[in-house]
Amino acid sequence: MKETKIAPSVLSADFSKMGEEVKSLEACGADLVHCDVMDGVFVNNITFGIKMVEDLRKCTALPLDCHLMIVHPEKYVGRFAKAGADIVTVHYEACGETLKSTLELIRAAGAKCGAVINPDTPAEKIADVLPLCDMVLVMSVFPGFGGQKFIGETLENVRFLRNFAAEHGLSYDIEIDGGITPENAGRVREAGANVLVAGSAVFRAPDRRAVISALKGK
Ligand code: DX5
Ligand code: ZN
């Protein structure tokens, strides 16, 4: 089984001191920095874009995991990769027919690539692109906001992806995002997710280091 990695989402950080926040995550045992990019069109919220990724790149050696919740991601993935994103993930629901070619664009730009599915999208829908993915992101809330309640049914998607990888000899990471807490992390890891995103659970905690180890089950 793969080692569990924690990717705190800076969506719940204090945007006025993003550099310090990211350094604190690094000191507290985070494995990746999850960057939620929202355009106000694909989701009903707006966050930040390429410039933030470029500036965060200077503040941390941790991999920057960029979750693009934007329409027409194919227009921007190359620039996110160039800005320093290590992993760029794009939504099946935003790409439709262009999912495969968008993943290829990310790869060609030198970053790792991944597909994301919303809670109401069965993982079977992306079966054809799974051999291309370094990571698959299963949303366990509808994207747009931090602090929402975990949707347990989405673990079916995690189980499907874990079995599919075993059956087809694939080694993509399975990331889960939304409502993850130390209380449900055990179930989520058991289902087969090995990269856990946590926004509010980490940023609202008085002891970030303790929450990150609890999420890892340590
Ligand atoms: C939701 C974002 C998540 C979110 C997670 O659209 O993709 O990454 O920040 O936040 P929590 O852990 O608070 O649900
Ligand atoms: Zn996210």
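This is a tour of a predicted model, moving from the ligand to the residues around it.

**Stop 1: the ligand**

Select ligand 1 and show what surrounds it. There are 20 residues around ligand 1, and D36, G144, D177, G199 and S200 are the closest. For G147, show the backbone instead: one of its N or O atoms lies 2.8 Å from an oxygen atom of ligand 1. How much of ligand 1 does the protein bury? Taken alone, ligand 1 exposes 380 Å², and the protein buries 99% of that.

**Stop 2**

Two members of the set sit in loops. Centre on F145, in the loop that runs between strand 6 (135–139) and helix 6 (155–168). F145 is partly exposed, its relative accessible area being 46%. Beyond its neighbours within four places in sequence, F145 contacts L11, M38, N44 and N45.

Then move to G179, in the loop between strand 7 (173–177) and helix 7 (185–191). G179 is partly exposed as well, with a relative accessible area of 25%. Setting aside neighbours within four places in sequence, its contacts are V141, Q148, F150 and N184.

**Stop 3**

Start with D36, which lies in strand 2 (residues 33–38). Is D36 buried or exposed? D36 counts as buried because its relative accessibility is 4%, which is under the 20% cut-off. Its side chain makes a polar contact of 2.6 Å with the side chain of S9. Apart from neighbours within four places in sequence, D36 is in contact with S9, L11, T47, F48, H67, M69 and D177.

Go on to D177, placed in strand 7. D177 counts as buried too, at 8% relative accessibility. The side chain of D177 makes a polar contact with the side chain of H67, at 3.2 Å. Residues up to four places away in sequence aside, D177 touches H34, D36, H67, L137, V138, M139, S140, V141 and V197.

**Stop 4: H67**

Centre on H67, in strand 3 (residues 64–69). With 0% relative accessibility, H67 counts as buried. Which side chains does H67 join by polar contacts? One is that of D36, at 3.0 Å, and another is that of D177, at 3.2 Å. Not counting residues up to four places away in sequence, H67 touches H34, C35, D36, V37, T89, H91, V116, L137, M139 and D177.

**Stop 5: S140**

Select S140, which is found in the loop between strand 6 and helix 6. F145, from the second stop, lies in the loop between strand 6 and helix 6 too. S140 counts as buried, at 0% relative accessibility. Its side chain reaches the backbone oxygen of G178 at 2.7 Å. Beyond residues up to four places away in sequence, S140 touches P119, K149, F150, I151, T154, I176, D177, G178 and I180.

**Stop 6: E54**

Finish at E54, found in helix 2 (residues 50–57). E54 is partly exposed, with a relative accessible area of 35%. To see its place relative to F80, select both C-alpha atoms: they are 8.2 Å apart in space, while E54 and F80 are 26 residues apart in sequence.

Technical notes: Residues numbered from 1 in each chain as written. Chains lettered and ligands numbered in written order. Predicted model: local features only at pLDDT ≥ 70, side-chain atom pairs only at ≥ 80, totals over all residues. Heavy atoms only, no water. Helix = DSSP H or I, 4+ residues; strand = E, 2+ residues; numbered from the N terminus. Buried < 20%, exposed > 50% of the residue type's maximum accessible area, 1.4 Å probe, protein only. Contact = heavy atoms within 4.5 Å. Near = heavy atom within 4 Å. Polar contact = N/O pair within 3.5 Å; in protein donor to acceptor, adjacent residues only side chain to side chain. Areas by Shrake-Rupley, 256 points an atom, 1.4 Å probe, with all protein chains shown as cover.
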